[in-house]
Amino acid sequence: MTKILVIEDEEKLARFIELELKYEGYEVEKSFDGRAGLELVKSSPFDLVLLDIMLPGLNGIEVLRRIRQSSDVPVILLTARDAVVDKVTGLDSGADDYITKPFAIEELLARIRAVLRKKEVINEDSSSDIIVYGTLNLNTKNREVHVNDTLVYLTKKEFDLLQFMLENKNIVLSRETILDRIWGYDFSGGTNAVDVYIRYLRVKLEEPFGLKVFHTVRGVGYVIKNEH
């Protein structure tokens with residue numbers, strides 16, 4: 001369940017928001033003080049924070065600044081201030097959105113949905129760049145491979161071969177298929193090039209880290225199987 005923290009010192013307004021959010025299916029926690037709210041953010045995972053600016057203890061902009069030192073949790077500022085400079089300050093401090101009191105609850109709910117959708121898209125984009133296989137991580141964006149957080153240097157061909165096999169996990173790939181895909185149809189060398197590069201990868205990825213990544217299928221080619 002999506003968990004939202006409301007940091008708002010107007011208790012009636014905080015209660016109203018809490019009831020509306022719970023009605024919409026969100027899990028809600030409240031804090032009426034900036035400093036206490038900041039501690040909640042540090043101690044518990046939240047999917048979104050609704051943060052008032054005029055707070056006792058620690059003002060909302062300072063709370064936001066401290067949140068951003070360690071967290072990218074989405075934050076929507078709630079405030080009675082409507083001056084442009086206040087909105088700019090809030091957004092420049094790391095807020096994802098800004099809504100001025102008084103507001104219609106429907107508008108607040110729409111803004112919450114929009115910010116959560118944006119976060120979901122960002123997370124999907126980020127995760128789609130990384131292929132995880134046990135302790136091995138292959139990042140297709142920066143073309144880096146890590147095993148147990150140790151960076152392993154691969155040549156372009158080694159990286160392309162590993163990525164292709166990870167993307168086709170549990171599929172037995174013939175040497176000819178790998179050769180056509182990685183070296184191209186006009187490659188004049190033999191299929192033993194595949195064996196050579198699988199050996200290179202085993203030396204770099206399996207032997208130093210005690211992994212078993214590549215399985216030989218006699219007379220056919222290679223496969224990366226689901227880890228056990």
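**Reading helices and a sheet**

Author: Start with helix 7 (residues 175-183) and helix 8 (residues 192-206): their axes come within 9 Å and cross at roughly 80 degrees. Axes are lines fitted to C-alpha atoms, for helices over the stretch in contact, and angles run from 0 to 180 degrees between N-to-C directions. Helices (H or I, at least four residues) and strands (E, at least two) are DSSP runs, numbered from the N terminus. This is a predicted model, where local features need pLDDT of at least 70 and side-chain atom pairs count only at pLDDT 80 or more, while totals for chains, interfaces and linings use all residues. Residues are numbered from 1 along each chain as its sequence is written, and side-chain values use heavy atoms, leaving out hydrogens and water.

Reader: How are helix 7 and helix 8 placed, parallel or perpendicular?
Author: They are roughly perpendicular to each other, a label for angles of 65 to 115 degrees.

Reader: Which residues make the contact?
Author: Helix 7 brings Arg175, Ile178, Leu179 and Trp183, and helix 8 brings Ala193, Val194, Asp195 and Tyr197; contact means heavy atoms within 4.5 Å.

Reader: And how do I read a sheet?
Author: Strands of a sheet pair through backbone hydrogen bonds, either parallel or antiparallel. Here five strands form an open sheet, ordered 2-1-3-4-5, with parallel pairing; two strands pair if DSSP finds at least two bridges between them.

Reader: Which strands stand at the edges?
Author: Strand 2 (27-31) and strand 5 (97-100) do; each has a single partner strand, so one side of each lacks a neighbour in the sheet. On average, neighbouring strands are turned by 20 degrees against each other, direction ignored.

Key. Angles under 35 degrees count as roughly parallel, over 145 as roughly antiparallel, 65 to 115 as roughly perpendicular and the rest as oblique.
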